[in-house]
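Please set out how the two chains of this model meet.

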Amino acid sequence: MIDVIAVVLMIGGGLLCVAAGVALCRFPDLLSRMHATAKPQVLGLLLILTGCALRLRDPVDVTTLVLVAVFQLATAPVAAHMVARSAYRTNRFRKDLLIVDELAPTIADRAPTV
Amino acid sequence: MRRATLPERAVAVLGMVAVWLLLWGNAGPFTIVGGVVVAILALMVFPLPLVPFGGRVSPLGVVLFTACFLRDLVLASAQVAWLAIRPGPPPASAIVAVPLRATSDLHITLTAAALSLIPGSLVVEADRDLAILYVHVIGVSSMADVDEARAAVVRLEDRILHATGVSARLPHDGDSVERTRDGAAPARTPEGSGLVETAAPAGSTSTKHHDQPVRAAERNIQVRRAAQTGTAVRADEEDHA
């Protein structure tokens, strides 16, 4: 029974990673792609790690998996933010896809602090 | 910079020892002693800046936040996955400015990190002085969606504030803002002018309902900018604050 749950979790996580890969190809600009790569990955990875933990059941392995999850959750936002920030400030995004951009006036007001 | 007190250092050591034990995968006496030695050495060699934490962790709040966070994570992951595989044109997006209630570094960071982990929202820019997050939201098609996204960020922040036990001490509409040392209160806005989350100008009641949060947010941002640059806010704006 536990194995069945583990399999379901791992397949679910794998499907999310596939969706992230598809989004990477189909989304039009960097900011949109960041949503796909940084995000479904988080849940996908968590599902796969949970599935692995259910299969392994060895405390040593499980604690390592917990650390992987913790550091993933701690580092992914920082990386995503830095990439998004530099993408925005170097204009590598599609302005025509934005229905509102409330950051543009702020950036224009001030001297760039890249 | 204030030096860390003994209990604060003990917390840091405990945290590092916990990671150390997880890495080793066992909790034998030698592992623990080794972990404590390494943690103390690391703190002496690389002293970290102190992060002021002026609240009290509320277990119920943490549980509530975690539950809502997991729910958002699952729902939003499915939503972005669907946006990726559905046929049709690329999804539209928006960059939304969200003024936060708490201005401490810790709460801005926690809110931004949680936002970044949830699909569909991405922090493009964080204004530390004014406590404004600029969030890129995907899959929005109307201004109503934009307002909903802004409201969702505020709800997320509220749950974090509740979990860290500072929400009760934050000023609400009309309260005067006082400087406090714990960093949870908005120390960078002048008295009575900032932190108006939902109050809309009195004249806007006849406009469409979703205009109100937008105007309140815009005015909030203007007030904060004015406070930073030292310019006076017009008296009629002050009245509503």
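## Basis of the model

This is a predicted model: local features need pLDDT of at least 70, side-chain atom pairs count only at pLDDT 80 or more, and totals for chains, interfaces and linings use all residues. Residues are numbered from 1 along each chain as its sequence is written, chains are lettered from A and ligands numbered from 1 in the order in which they are written, and side-chain values use heavy atoms, with hydrogens and water left out.

## Chain B

Chain B has seven helices and three strands. Helices here are DSSP runs of H or I with at least four residues, strands are runs of E with at least two, and both are numbered from the N terminus. Read from the N terminus, the order in chain B is α-α-α-β-α-β-β-α-α-α.

Chain B holds 241 residues, and 44% of them are buried. Buried means under 20% relative accessible area, exposed means over 50%, and partly exposed lies in between (1.4 Å probe, protein chains only). Contact means heavy atoms within 4.5 Å. Among the contacts in chain B with a separation of 6 or more, 67% come from residues 24 or more positions apart.

## The interface of chains A and B

The size of an interface is often given as the accessible area lost when the parts come together. Chain A and chain B bury about 3700 Å² between them. That is accessible area (1.4 Å probe) lost on being put together, summed over both parts. Carbon and sulfur atoms carry 68% of it. In residues, 42 of chain A are in contact with 50 of chain B.

Eleven residue pairs are in polar contact between chain A and chain B, both residues being at pLDDT 80 or more. A polar contact is a pair of N or O atoms within 3.5 Å; within protein, one must be able to donate a hydrogen and the other to accept it, and residues adjacent in sequence count only if both atoms are side-chain atoms. On the side of chain A that touches chain B, the elements giving two or more residues are H1 (2-26), H2 (30-38), H3 (40-56), H4 (59-89), E1 (98-101) and H5 (104-109). H4(A) gives the most, with 15 residues. This side divides into 29 nonpolar, six polar and seven charged residues. Ala, Val, Leu, Ile, Met, Phe, Trp, Tyr, Cys and Pro count as nonpolar, Asp, Glu, Lys and Arg as charged, and the others, Gly among them, as polar.

E1(A) and E1(B), residues 93-99, run parallel and are joined by two bridges. Two strands pair if DSSP finds at least two bridges between them. Leu98(A) has Ser93(B) as its bridge partner.

## Salt bridges

A salt bridge is a side-chain nitrogen of Lys or Arg within 4 Å of a carboxyl oxygen of Asp or Glu. Three of them cross the interface of chain A and chain B. In one, Arg85(A) meets Glu125(B), with the closest N and O atoms 2.9 Å apart. That pair runs from helix H4 of chain A to strand E2 (residues 121-127) of chain B. Glu125(B) is buried, at 8% relative accessible area.

Which residue forms a salt bridge with Asp72(B)? The partner is Arg159(B), with the closest N and O atoms 3.4 Å apart. Asp72(B) lies in H3 (residues 59-85) and Arg159(B) in H5 (residues 143-163) of chain B, so the pair ties together parts 87 residues apart in sequence. Asp72(B) is buried at 18%, and Arg159(B) is buried at 14%. Arg155(B) and Glu148(B) form another salt bridge, at 3.0 Å. Here Arg155(B) is partly exposed at 42%, and Glu148(B) is partly exposed at 41%. In chain A, salt bridges link Asp3(A), Arg55(A) and Arg57(A) in a network.

Leu65(A) lies in helix H4 of chain A. Its relative accessibility is 16%, so Leu65(A) counts as buried. Beyond its neighbours within four places in sequence, Leu65(A) is in contact with Leu49(A), Cys52(A), Ala53(A) and Leu56(A). Leu65(A) and Cys52(A) are 13 residues apart in sequence and 8.2 Å apart from C-alpha to C-alpha.

Ser121(B) lies in strand E2 of chain B. At 9% relative accessibility, Ser121(B) is buried. The side chain of Ser121(B) reaches the backbone oxygen of Leu115(B) at 2.8 Å and that of Ile118(B) at 3.3 Å.

Key:
Buried area = accessible area lost by both parts, 1.4 Å probe.
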